Protein chains: 2
Amino acid sequence: MSSLLPPSLSDTIVALSTPPGSGAIALVRLSGPQAIALTESIFAGKSLQEQATHTLHFGTLRDGERILDEVVVSLFRAPRSYTREDVVEISCHGSDYIVQQVLSLLVHRGARLAEAGEFTKRAFLHGAFDLAQAEAVADLIASDSALSHQVAMQQMRGGFSRELKELRARLVQFASLLELELDFGEEDVEFADRSGLTNLLQELEGIIRQLLRSFELGNVIKNGVTTVIAGKPNAGKSTLLNALLNEERAIVSAIPGTTRDFIEDEVSLEGIRFRFVDTAGLRDTTDVVESMGVERTRQRVRQAALLLYLFDLTTASPAQVAAELAELNPGNLIPALAVGNKLDQISSDEAAAYADDALLLSAATGQGMDELKQALLQKVRGTGLDRTGSATIVTNVRHARSLEAALAALLAVQAGLQSNAGTELLAADLRRALAYLGEITGEISTDDLLTSIFTQFCIGK
Amino acid sequence: MSSLLPPSLSDTIVALSTPPGSGAIALVRLSGPQAIALTESIFAGKSLQEQATHTLHFGTLRDGERILDEVVVSLFRAPRSYTREDVVEISCHGSDYIVQQVLSLLVHRGARLAEAGEFTKRAFLHGAFDLAQAEAVADLIASDSALSHQVAMQQMRGGFSRELKELRARLVQFASLLELELDFGEEDVEFADRSGLTNLLQELEGIIRQLLRSFELGNVIKNGVTTVIAGKPNAGKSTLLNALLNEERAIVSAIPGTTRDFIEDEVSLEGIRFRFVDTAGLRDTTDVVESMGVERTRQRVRQAALLLYLFDLTTASPAQVAAELAELNPGNLIPALAVGNKLDQISSDEAAAYADDALLLSAATGQGMDELKQALLQKVRGTGLDRTGSATIVTNVRHARSLEAALAALLAVQAGLQSNAGTELLAADLRRALAYLGEITGEISTDDLLTSIFTQFCIGK
């Protein structure tokens with residue numbers, strides 16, 4: 001892999017690795033051949049150069065005579081570090097001013113400000129992990145539910161990569177036999193067993209199709225289920241959302257400093273995140289059918305994965321609900337759920353009138369809430385998302401595209417075999433399939449590909 | 001100091017110590033007798049209990065079989081840690097989800113979520129530093145200019161505390177002699193030399209007054225100089241601010257992730273921060289004198305430390321400027337600076353008409369900008385803020401209040417000496433003075449005082 005190393009790896013890079021803003025601690029990270037020497041040049045304390053790897057050292061950072069901060073320095077010597085280079089982490093007080101000063105000072109001494117994802121890119125270039133694993137690092141940081149975390153963690157630890165490499169290794173064997181045939185040119189020998197190849201291709205096709213199917217679920221896990229929640233202002237939407245959020249909120253509010261702005265309308269059920277999209281147009285009117293907002297709401301419904309139509313049992317009727325739902329979701333194109341609220345305020349006869357047409361509950365008392373959660377999950381599962389059968393779930397669009405391209409190439413090989421195409425054609429298609437599969441883990445990569453991947457990272461990672 | 005230790009110190013506390021939000025790295029910090037054991041209970045890797053202090057250990061965090069994250073654990077064994085207790089820092093991926101999970105897990109195992117400032121409070125209770133130093137930690141984190149950083153750093157490293165302790169030590173000697181006199185009761189002896197005490201009291205009075213004077217500058221350093229900038233919309237306010245911000249912005253934008261929202265209207269000159277307050281009322285009208293906004297602007301001017309009246313040299317006249325300034329700042333109560341912009345667009349004769357009544361410049365060409373900076377600094381210095389003569393600068397309101405109270409008590413002792421008051425009265429006033437001085441460094445402290453100080457800290461510090 002050393003031929004891939006750009007000259008920039010001789011640099012020592014530096015960045016703030018913790019989120020910006022005031023806090024108890026900020027971490028400034030350096031990586032590269034001069035990481036320890038550069039830190040030492042502004043550090044008063046022990047001689048860092050003489051210290052062992054994986055040790056911590058208290059001291060002061062100085063700009064000449066001026067004391068900048070009291071810090072703790074972590075030493076990681078190559079190759080026992082995240083990047084496999086010498087890495088130093090400076091733990092200073094979490095002030096933007098101090099961080100700026102430390103960064104400026106290190107840059108003046110010769111460090112370079114790291115680009116987004118550059119630490120992880122270096123780890124990849126030094127072979128610490130492959131591309132799919134590197135991408136999982138970014139997914140892990142962005143993960144915000146049990147499932148998205150689990151999938152990213154599995155990918156980061158190499159689960160997906162192993163599966164892909166196995167797939168690829170089996171193809172490589174046939175490919176090399178085909179290449180051998182080509183070497184023998186006009187002699188018309190067949191080293192590669194065509195029927196064995198056909199069987200392998202069919203098996204691989206099945207596996208890749210399964211991985212591609214898993215992407216639909218992977219996308220839901222990573223990005224959540226966009227659920228349009230429609231209903232009149234008094235239907236009790238916020239009570240319902242609060243009831244759904246209840247448990248999660250309790251966790252969030254018990255841990256200071258971790259609340260997020262957008263949680264208001266997100267609910268995570270059994271690790272699957274439902275993003276509730278507001279339908280303001282509908283909420284501002286009292287008559288759904290005649291309101292100006294219906295077209296806007298319909299538009300939102302068309303873009304959604306799920307429609308939750310919430311109505312007030314004390315004022316609605318079954319016929320009315322059916323009409324409104326048909327109006328909102330013509331042709332029933334989007335999976336929809338009619339939910340009647342305020343069950344505690346109507347008689348059981350009135351409730352019975354809805355039969356199976358709606359799920360009835362009381363957001364205020366909690367009655368029926370569990371059924372709603374199950375119904376929401378059922379809707380997701382009902383679309384087949386949850387039945388991939390594969391332990392590996394593809395969550396990355398880039399991976400899905402590469403898998404699709406590899407599949408197309410494999411299908412071309414299959415077609416070639418059936419039509420007794422020449423070895424040269426088969427070998428070319430097989431090479432393409434191998435290249436696409438190799439792109440996922442980075443066995444085959446280009447500068448452009450790496451740039452487009454790592455610039456999506458945050459600075460300092 | 002051990003009598004002060006509340007039973008809560010037997011707890012192990014935990015908190016996120018880096019700012020919340022997505023980032024490369026998040027640090028979860030534990031402190032207390034169980035810090036290492038608790039971490040070990042969820043850590044798969046080496047046995048942490050057997051590792052030396054100041055070492056780093058890679059491993060995974062596990063919730064049962066489930067891998068939560070790959071982390072690096074920092075070990076600091078008591079007393080070689082920030083709090084003087086066993087401290088563990090877990091460096092995990094900077095995802096809110098992961099941080100929540102790690103905190104929940106540790107809390108389930110028996111850790112307690114730390115209150116704001118509780119790590120620093122523990123450091124204080126264990127004698128790692130005194131109260132004034134602990135407060136300087138918060139100031140250091142909040143520092144956002146060279147001067148505020150320097151003052152906080154000096155205070156954190158004990159400069160201010162040393163000065164106070166010296167002061168107090170000299171008083172204690174006299175106080176104990178007075179107490180001795182009281183012990184001898186009716187025998188009417190005088191151990192304490194009254195004239196020596198008078199001299200000492202006068203000297204201390206001078207030092208404390210100097211410290212109190214320094215608080216005015218300290219306040220400016222810590223909170224900035226509130227400068228109302230008034231002027232018509234076309235006077236060139238934003239060009240002027242941009243010109244002032246120019247150098248600073250270049251630094252800020254070169255270091256990603258550290259830009260701040262409020263910087264738009266703040267300029268730091270020679271380490272002193274000028275906060276420019278907008279006067280929207282004035283900006284929305286074209287005629288200052290007759291506008292409805294004048295009263296609102298006047299009100300803002302009254303609350304400011306400085307008024308910068310910016311006008312357009314191509315449209316204004318000296319008489320007009322004088323009238324507008326008088327209208328805005330009746331009685332010239334607030335230090336004010338009249339600044340004429342667009343000097344490059346008028347003749348030198350026109351410029352001469354302003355004589356010394358206004359500072360003329362061109363924000364666009366930069367002409368006169370240095371003079372403006374000097375004039376702004378001169379205004380601050382002109383109020384006597386910069387001539388404290390003391391190397392120590394008081395920045396903390398609490399300290400200033402304690403110094404004022406100590407001064408009042410010392411003046412009472414002086415008055416008592418002059419009126420030949422009894423030893424008992426003198427001793428009581430001296431005790432009060434000692435108590436107030438002792439409050440600053442925490443030699444004398446109450447639970448309420450500690451609570452009110454440390455709850456102003458951020459969580460995790």
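What rotation superposes chain A on chain B? Select both chains of this predicted model: a rotation of 180 degrees, with 0.1 Å of shift along its axis, places chain A on chain B with an RMSD of 0.2 Å. To find the axis from chain A, select A:Thr55, whose C-alpha is the nearest of that chain at 2.1 Å.

Residues are numbered from 1 along each chain as its sequence is written, and chains are lettered from A and ligands numbered from 1 in the order in which they are written. Because the model is predicted, local features need pLDDT of at least 70 and side-chain atom pairs count only at pLDDT 80 or more, whereas totals for chains, interfaces and linings use all residues; side-chain values use heavy atoms, with hydrogens and water left out.

**The interface**

Next, select the residues of each chain in contact with the other (heavy atoms within 4.5 Å). Chain A supplies 61 residues and chain B 61 residues. Of the interface residues of chain A, 98% are also interface residues in chain B, so the copies meet through the same surface. Together the chains bury about 5,100 Å², 65% of it on carbon and sulfur atoms; buried area is the accessible area (1.4 Å probe) that two parts lose on being put together, summed over both.

Now display the polar contacts (a pair of N or O atoms within 3.5 Å, one able to donate a hydrogen and the other to accept it; residues adjacent in sequence count only if both atoms are side-chain atoms). Across the interface, 16 residue pairs are in polar contact, both residues at pLDDT 80 or more. On the chain A side, strand 5 of chain A gives the most, with nine residues; strands are DSSP E runs of at least two residues, numbered from the N terminus.

**Salt bridges**

Between chain A and chain B there are two salt bridges, each a side-chain nitrogen of Lys or Arg within 4 Å of a carboxyl oxygen of Asp or Glu. Select B:Glu70 and A:Arg157, a salt bridge with its closest N and O atoms 2.7 Å apart.

Then move to A:Asp11 and A:Arg112, where the closest N and O atoms of the salt bridge are 2.4 Å apart. A:Asp11 lies in the segment before strand 1 (13–16) of chain A and A:Arg112 in strand 7 (residues 112–113) of chain A, so the pair ties together parts 101 residues apart in sequence.

Conventions:
Helices (H or I, at least four residues) and strands (E, at least two) are DSSP runs, numbered from the N terminus. Copies are superposed by least squares on the C-alpha atoms of residues with pLDDT of at least 70 in both.
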